Amino acid sequence: IECKKPGATVPEEVIPTNILQQIRTLFPEGDIVKYEHNRRLYEIDLADGTELTFNRAFRLIDLDHHTAE
């Protein structure tokens, strides 16, 4: 799920609770603008350019932050 409209966010109901809790702990004000899931990984993009990757056990395995230039 990807939100292309400025200011739109991914509905929190589609994101697994374990992942959502971690995101809210690390980024309490983070707006989720993209959510992808396959058999092995969950990928989340926040509005501020942060990209988070979780494994299928809901462990955070990668965190990148990209800023607009």
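These legends go with close-up views of a predicted model.

This is a prediction, so local features need pLDDT of at least 70 and side-chain atom pairs count only at pLDDT 80 or more, while totals for chains, interfaces and linings use all residues. Residues are numbered from 1 along each chain as its sequence is written, and side-chain values use heavy atoms, with hydrogens and water left out.

View 1. Four strands make an open sheet in the order 1-2-3-4, with antiparallel pairing. Strand 1 and strand 4 (60–65) sit at the edges, each pairing on one side only. Ignoring direction, neighbouring strands are turned by 15 degrees against each other on average. Strands here are DSSP runs of E with at least two residues, helices are runs of H or I with at least four, and both are numbered from the N terminus. Two strands count as paired if DSSP finds at least two bridges between them. As for angles, axes are lines fitted to C-alpha atoms (for helices, over the stretch in contact), and the values run from 0 to 180 degrees between N-to-C directions.

**View 2. Strand 1 meets strand 2.** Five bridges hold this antiparallel pair, and a hairpin of three residues joins the two strands. Look for His37, which stands opposite Tyr42 in strand 2. Lys34 has its bridge partner in strand 2 as well, namely Asp45.

**View 3. Strand 2 meets strand 3.** This pair also runs antiparallel, joined by five bridges. Ile44 has Leu52 of strand 3 as its bridge partner. The hairpin has three residues between the strands, and there Gly49 takes a positive phi near 100 degrees. Strand 2 is mostly covered, with five of its six residues buried. Buried means under 20% relative accessible area, exposed means over 50%, and partly exposed is in between (1.4 Å probe, protein chains only).

**View 4. Helix 1 and its buried face.** Which residues of helix 1 (residues 17–26) are buried? They are Ile19, Leu20 and Ile23. Seen down the helix axis, these fall within an arc of 100 degrees, so they line one face of helix 1; the arc is taken from the directions from the helix axis to the C-beta atoms. An α-helix has 3.6 residues a turn, so residues three or four places apart point the same way. Over on the other side, Thr17 and Thr25 are exposed.

**View 5. Helix 1 on the sheet.** The buried residues of helix 1 pack against strand 1 (32–37), strand 2 (41–46) and strand 3 (50–55). Contact here means heavy atoms within 4.5 Å. The helix as a whole touches strand 1, strand 2, strand 3 and strand 4, and its direction makes about 35 degrees with that of strand 2.

**View 6. Two salt bridges.** The count comes to two, with a salt bridge taken as a side-chain nitrogen of Lys or Arg within 4 Å of a carboxyl oxygen of Asp or Glu. Arg24 pairs with Glu12, their closest N and O atoms being 2.7 Å apart. That links distant parts of the chain: Arg24 lies in helix 1 and Glu12 in the segment before it, twelve residues apart. Arg24 is partly exposed at 24% relative accessible area, and Glu12 is partly exposed at 35%. The other salt bridge joins the side chains of Glu36 and Lys34 (3.0 Å, N to O). Glu36 is partly exposed, with 35% relative accessibility.
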